[in-house]
Amino acid sequence: MYRDLMCGEPSLTNLGDKVKLAGWVSKRRDHGQLIFIDLRDKSGITQIVFNPTISKETYEKAKSLRSEWVISVEGDVLRRIEGAENEALGTGSIELVVEKIEILSKSLTPPFEIDDTNSISEEIRLKYRFLDLRRNHMQSNLKIRHDVTNKIWNHLTEKGFVHIETPILIKSTPEGARDYVVPSRIKNGAFYALPQSPQQMKQILMVSGCDKYFQIARCFRDEDLRADRQPEHTQLDLEMSFVHQQDVMATVEQLYLDVIKEIKSEVKINIPFEILSYDESMDKYGTDKPDLRFEMPLFDLSKIAQNIESNVIQNSLKKEGILKGLLVKDWSNLGRKDFDRLTELVKSQGAGGLIYISINRDADINTLKLEDTNGPLNKFFTLDNIKDMIKLSKASPGDVIFMIIGEKKITNASMSFLRNHIAKEQKLYNDKEMKFAWIVDFPLFEKDDNGSWQPAHHVFSAPHEEDIVFLNDDPGKVRANLFDLVCNGVELGSGSIRIHERALQEKVFDIIGYSKKNVEDLFGHLLTAFDYGVPPHGGMGLGLDRLVAMLCNEESIREVIAFPKTQTASDLFFGAPDYISNEQLKELNIKVDEIEK
């Protein structure tokens, strides 16, 4: 072995011991006749000292050492002199006086310092990812990821789950996003698909009697470019037989509580997790993934809007638009530039603009006058209009009522975005809090741009039994036995109770416009399995990358993935995607019409 201890391990208990350490040269300091080196590995740093009176040969070698050279040293562990201790290091009370050194590998000058305090462009970091991963906080993130995965394995194993690996090369079937496809060399013109999720495979495992399955699964989705999305991601996938919705939710809730308690015990968590219906969440927060660490609910002002004499408002209402508002306490000191900035913010989300009513701090609500308020549409508001909005919003002097009017979907999304932005700007929440919620009772179907019914999530979610009667005549009324887990405004996973009857599954396929031939070609394997006895079953797919990022206090999941892709789905280190040789194309019987330059 090149070492007896890791660099972060020597302590006062090792005083007088002769030990070997190995690692990277982090920092070098020359003080008179002494050379000090911070020797680093993933465990930490030990200060090593080269003294010519101890070994002239070793001292001369040390003169040549440069940043990121890899060395192995041997020497005695001594206590640092008084006043030279470094309380910031676990090894800060000792140093290693070197007697022997072996230079194992030299390094070019790195493009950046291996230091957590440096600000480095992401492009450079990803291009030199092997250097970036040497940084302490990246090593810490990878360790937390390992700890989370290990805890999941242990917890679910204790609960009777079995880890089963499912294929990576599968049949292409529609699951929401585009498939990544792999050409077959054996079957000319045929393709495998990489799984977007193990959805059908885990359902077939339930038909197979496996009862409780889980997998730390790799999933692949060829999605349009979106911020902080990866073409491949890792999810905790699980499925259970003979369960209802609350059974799956309780299983996942207990798992997350145990994982977070062990990994980040200082984090505050709400117990039990809150449960909101989809309609309630959309009405109150404008989104199906609300951040519940702070209040500031939305409210519907559409009825009041009917009495406002503004062409903008009345024309929007005629087009089935809605007027939605939120109240921000004690914020009337905002200037015109602030309101303009917030207006541009909501416009970036598709809103037509931002309406606001700022109430003067010295106003008396009981004797309110129009001049006690100001805003861009105040000239269209009557005193009764404003009093009605103040009463509904429960506003007080010094508060601001923000409003957006327009198409329901855009208005909700814009108001939700504004709500989150203001909360972050005003620091209305605790970063060390994780506020979980279950969102339930999603619609089973939604209409696409062509007016055709499509699954709101996926085609395998079971409808509520009492809503099955609407399948024939009014599919939009059917609620799914479907549930999302959200935390701090982020969707962590989605699950459902699955359809386990062939006739009902075929009915859902029919509603979304699949012909019998389409169904047989795409899902015949699943329906055949359904003919041989299917237990009621349900499960979830939960994003591991996102959970780990939250536990590491990282905004981007790229910070918790060893080799992530960029936003353009490129790997800057490995140079993927890349072109393949003409010989490979010929073997696969593929002809490329045009190569992108």
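Tutor: Two strands count as paired if DSSP finds at least two bridges between them. Keep that cut-off in mind; the model here is predicted.

Student: What makes strand 1 and strand 2 a pair?

Tutor: Strand 1 (residues 18–31) and strand 2 (residues 34–41) share seven bridges. The cut-off is at least two bridges, so seven bridges make them a pair. Their sense is antiparallel. In one of these bridges, Trp 24 has Arg 40 of strand 2 as its partner.

Student: Which strands make up the closed barrel, and in what order?

Tutor: The closed barrel has five strands, in the order 1-2-3-5-4. Its pairing is mixed. From one strand to the next, the twist averages 55 degrees.

Student: How do you know that strand 13 and strand 14 pair?

Tutor: Count the bridges again. Strand 13 (residues 298–300) and strand 14 are joined by three bridges, in the antiparallel sense. The definition asks for at least two, so three bridges qualify. Phe 299 has Gly 325 in strand 14 as its bridge partner.

Student: What joins strand 14 to strand 17?

Tutor: Seven bridges do, and the two strands run antiparallel. Strand 17 spans residues 400–406. There, Phe 402 is the bridge partner of Leu 326.

Student: Why is strand 14 called mostly covered?

Tutor: Strand 14 covers residues 322–328, and seven of its seven residues are buried. Buried means under 20% relative accessible area. Side chains in a regular strand alternate between the two faces of the sheet. Check each side, then. Ile 322, Lys 324, Leu 326 and Val 328 are buried on one side. Leu 323, Gly 325 and Leu 327 are buried on the other. Both faces of strand 14 are therefore covered.

Student: Why is His 233 called buried?

Tutor: Its relative accessible area is 16%. The limit is under 20%, so His 233 is buried. His 233 lies in strand 10 (residues 232–241).

Student: Which residues does His 233 touch, leaving out those up to four places away in sequence?

Tutor: His 233 touches Gln 196, Ala 217, Arg 218, Cys 219, Arg 221 and Asp 545. One of these, Asp 545, is itself buried, in helix 15.

Student: Why is helix 15 called largely enclosed by the rest of the structure?

Tutor: Helix 15 spans residues 544–551, and eight of its eight residues are buried, so the rest of the structure largely encloses it. Among them are Leu 544, Arg 546, Val 548 and Met 550.

Terms used:
Residues are numbered from 1 along each chain as its sequence is written. This is a predicted model: local features need pLDDT of at least 70, side-chain atom pairs count only at pLDDT 80 or more; totals for chains, interfaces and linings use all residues. Side-chain values use heavy atoms; hydrogens and water are left out. Buried means under 20% relative accessible area, exposed over 50%, partly exposed in between (1.4 Å probe, protein chains only). Helices (H or I, at least four residues) and strands (E, at least two) are DSSP runs, numbered from the N terminus. Contact means heavy atoms within 4.5 Å. Axes are lines fitted to C-alpha atoms, for helices over the stretch in contact, and angles run from 0 to 180 degrees between N-to-C directions.
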